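Subject: Structure handover

Hello,

Here is the structure I said I would pass on.

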Amino acid sequence: MALQAGIVGLPNVGKSTLFNAVSNSAKAQASNYRFCTIEPNTGLVDVPDERIDKLAVLVKPERTVPTQVGIVDIAGLVKGASKGEGLGNKFLANIREVDAIVHVIRCFEDENILRDEGAINPVGDKEIIETELQLKDLESVEKKYSRTEKMLKTGDPKIKAEYETLKRCKDHLEKGKSIRELDLGKEERTAIADLFLLTGKPVLYVANVDEASMHTGNKYSEALKAAVAGENAQVIVMNNSIEAQISGMDDPADRQLFMEEYKMTEPALNKLIRSVYKLLNLATYFTAGVQEVRAWTIQDGWKAPQAASVIHTDFEKGFIKAEVIAYKDYIQYGSEAAARDNGKLRIEGKEYVVKDGDVMHFRFNV
């Protein structure tokens, strides 16, 4: 699937270091000067999922294929970006193209790393970016609001409803609030869908802390958590440099020793990647055979024919039925045959909503 999360933040907060750590298909330059990243770097990231590993142990396939999510490293933002400062216009255009935002915020002190904004202030840094996104959204909303206002005299109820939605968004943004905090109905969301509003995208915050605070957090990360408490947003605390070192080790034994030294049970990146996957409202189902055990990415809530289409569009066109085994049942009984013999293989039709973790086989005819 083409869904992507964009890594954003002020210059020199650790965005490209984080991108280098998570991306398994590209490497972003990470340097200590502003606008090091100009063109957005993109990469695909394997989503850590112990379920596919357990299925592979049982099935013993020729290969195992995890699901992936797209990550984009976007140029650092500066105050005034909404008016074109720095690389503002380019930065905001790049954010508009992604589906979710990973906002990296500096929560550590280091006099050797440049910082134009003065003393370390994670809440202030968050507000700088949030304000720029809100101002750009307000500009977009006001333009459409003005056009729609002129059309009210037609008496079209659809135009009137659209106008009222735009007014709600305009008033909300003028109060310094983001669109994702506004409770919009389905029709209201449709009315503003063509604007691709920046503050309507879901956000995950990464508190980039120093090494000493990677397990406990610090006063800066705690201040950030308090500031976003009302947003229903997750904050992940991690040390981006340590994560980059782990991901750069080719030998699993070396990685394990390194993590043991830092008292880590798994890289914090794993939690981050899984959180991004959920942030994008994605779910996973599996196919399991001797040739391949594979994880497939779908939108949460998709029905069986839609889920089948990610394997091949013909699967959706000619969908007949789906054979489904719940993941826990597959693990409990150890094989497809044993699950079937114990009545755990179900036949589902076109209206079946695929559950995260389902092990599936599709029957189709074209």
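Start with the aromatic side chains: Tyr-285, Phe-319 and Phe-362 are joined into a cluster by ring pairs. The count of aromatic pairs comes to six. Keep in mind throughout that this is a predicted model.

The charged end of Arg-294 is placed over the ring of Trp-296, 4.3 Å from the ring centre. Lys-170 lies over the face of Tyr-145, and here the figure is 5.4 Å from the ring centre.

Next, the sheet. Six strands make up an open sheet, and their order across it is S2-S4-S1-S5-S6-S7. The pairing is mixed. At the edges are strand S2 (41–46) and S7, each of which pairs on one side only. On average, neighbouring strands of this sheet are turned by 25° against each other, with direction ignored.

Asn-208 lies in strand S6. Is Asn-208 buried or exposed? Its relative accessibility is 5%, and buried means under 20%, so Asn-208 counts as buried. Leaving aside neighbours within four places in sequence, Asn-208 is in contact with several residues, including Val-13, Gly-14, Val-104, Ile-105 and Arg-106. Met-238, Asn-239 and Asn-240 are also among its contacts.

Now the salt bridges. How many does a search of the whole structure find? The search gives 24 salt bridges. I describe some of them below.

Glu-231 and Lys-126 form a salt bridge, with the closest N and O atoms 3.0 Å apart. Glu-231 is in the loop between helix H7 (219–227) and strand S7 (235–238), while Lys-126 is in helix H4 (residues 122–150), so this pair ties together parts that are 105 residues apart in sequence. Glu-231 is buried, with a relative accessible area of 15%. Lys-126 is buried as well, with a relative accessible area of 7%.

Arg-168 forms a salt bridge with Glu-188, and the closest N and O atoms are 2.9 Å apart. This pair links distant parts of the chain, 20 residues apart: Arg-168 belongs to helix H5 (residues 157–174) and Glu-188 to helix H6 (residues 186–192). Arg-168 counts as partly exposed, at 34% relative accessibility.

In another salt bridge, the side chains of Glu-348 and Arg-346 meet at 2.9 Å, N to O. Arg-346 is partly exposed, with a relative accessible area of 29%.

Finally, there is a network to look at. Which residues does it link? Salt bridges connect Asp-49, Arg-51, Lys-278 and Asp-356.

Regards

Note on methods: Residues numbered from 1 in each chain as written. Predicted model: local features only at pLDDT ≥ 70, side-chain atom pairs only at ≥ 80, totals over all residues. Heavy atoms only, no water. Salt bridge = Lys/Arg side-chain N within 4 Å of Asp/Glu carboxyl O. Helix = DSSP H or I, 4+ residues; strand = E, 2+ residues; numbered from the N terminus. Buried < 20%, exposed > 50% of the residue type's maximum accessible area, 1.4 Å probe, protein only. Phe/Tyr/Trp six-rings, centres within 6.5 Å; stacked < 30°, edge-to-face > 60°. Lys NZ or Arg CZ within 6 Å of the ring centre and 35° of its normal. Pairing = 2+ DSSP bridges. Axes fitted to C-alpha atoms, helices over the stretch in contact; angles between N-to-C directions. Contact = heavy atoms within 4.5 Å.
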